[in-house]
Amino acid sequence: MIVRQLCARQSRQLLALNRQAFIPRRFSSTETSTPAQTIAYRPISEPGSGRVGQARNREVPQQIQRRSKFQSLGSSISNVYKPENLIRNPPSPSDITLELLLANQTHLGHTTSRWNPRNSRYIYGIRDGIHIISLDVTAAHLRRAAKVVEEVAARGGLILFAGTRPGQKRIVVRAAQLSHGYHIFERWIPGSLTNGEQILGKCRQKVVNALDEEQPDLKDTLADQAILKPDLVICLNPLENEPLLHECGLNNVPTIGVLDTDADPTKLTYPIPANDDSLRSIALIAGVLGRAGETGQQRRFQQARRSMEQQQRDAPRPAEEQEFFEN
């Protein structure tokens with residue numbers, strides 16, 4: 001009797017172990033309990049022979065079929081903010097609105113303890129101890145600066161974009177590419193304008209025509225030319241580039257800069273009151289100025305093409321020249 005009870009207990013323990021081993025085996029099985037569907041492919045002719053191959057049947061599990069259905073699900077979202085659009089496709093001066101300036105944080109200034117009293121005419125009010133810049137003034141000054149950039153580019157002037165803060169490199173380079181200008185994103189070398197012959201004397205120069213095509217025949221005329229200076233400087237962070245603004249003042253070079261509430265407006269020719277700490281604000285302002293320069297360059301090229309076509313039409317023909325000399 002005792003032996004029978006012992007065997008019964010051991011058999012129950014073995015049964016429990018078998019159940020524990022069977023449970024993970026069920027979940028780790030790769031077999032599908034659902035009936036598999038078969039898809040018959042159309043007969044495909046073998047290359048190089050006229051025979052037609054037999055149809056092949058391939059079993060596709062229902063899980064793969066469900067997965068393909070799930071991939072087609074979802075919703076299309078529109079009007080999504082993409083920060084890269086300010087750099088890749090910046091707005092034009094005609095697209096400037098107060099909503100656009102507000103969305104890109106151009107109205108945020110510094111704390112009231114850091115303000116410059118000369119900026120009182122650009123300040124709208126105070127919110128939580130921070131000065132708020134008037135967006136009406138920002139929009140007006142930005143349109144005026146864009147008009148200046150467009151006219152300088154239309155007359156073939158040299159435009160220099162300067163932005164030396166971290167994160168401004170791509171913004172500065174993109175704006176310079178649009179306006180066919182030059183850029184500085186690392187550090188301004190003091191004396192580049194006041195002592196340009198010593199610092200920039202070895203820089204390569206070239207002579208171009210109205211369509212920016214190089215003229216190698218006129219390269220000898222550069223020997224007597226002085227060092228080139230920019231016709232307009234756009235500084236995105238005036239506080240870190242005071243030597244640049246000082247040299248522009250000594251050489252009578254007009255400047256455009258982003259003016260925050262702690263900067264000095266007297267050092268800039270065309271100040272743009274806005275937030276200079278936000279990359280979104282800087283990208284918006286630099287993109288608008290770059291688009292203005294692009295418009296000016298297009299005007300210049302169109303005018304140059306029209307003038308060249310007019311010269312070709314007015315040029316005397318060879319027969320007319322011969323009759324003129326004979327008479």
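A: The answer below starts with the nonpolar packing and ends with a pocket.

This is a predicted model, in which local features need pLDDT of at least 70, side-chain atom pairs count only at pLDDT 80 or more, and totals for chains, interfaces and linings use all residues. Residues are numbered from 1 along each chain as its sequence is written, and side-chain values use heavy atoms, without hydrogens and water.

The largest nonpolar core has 34 residues. Such a core is a set of buried Ala, Val, Leu, Ile, Met, Phe, Trp, Tyr and Cys residues joined through side-chain atoms within 4.5 Å; buried means under 20% relative accessible area with a 1.4 Å probe, protein chains only. Leu142, Val149, Phe161, Ile234, Ile256 and Leu289 have the most contacts inside this core. Helix 5 (135-154) is among the elements that each supply at least two of its residues. Helices (H or I, at least four residues) and strands (E, at least two) are DSSP runs, numbered from the N terminus. The largest share of this core, nine residues, comes from helix 5.

Leu142 is in contact (heavy atoms within 4.5 Å) with Ile96, Leu101, Ile272, Ile285, Val288 and Leu289, leaving aside neighbours within four places in sequence. A second, separate core of nine residues includes Leu160, Ala162, Val233 and Cys248.

Now the pocket. A pocket is an open set of points on a 1 Å grid over the protein atoms alone, where a 1.4 Å probe fits, with protein on both sides within 12 Å along at least five of seven lines; lining residues have an atom within 4 Å of a point. The largest pocket is lined by 33 residues, and Leu158, Tyr182, Arg204, Gln205 and Leu228 lie nearest its centre. Strand 7 gives the largest share of the lining, three residues.

Notes. Buried means under 20% relative accessible area, exposed over 50%, partly exposed in between (1.4 Å probe, protein chains only).
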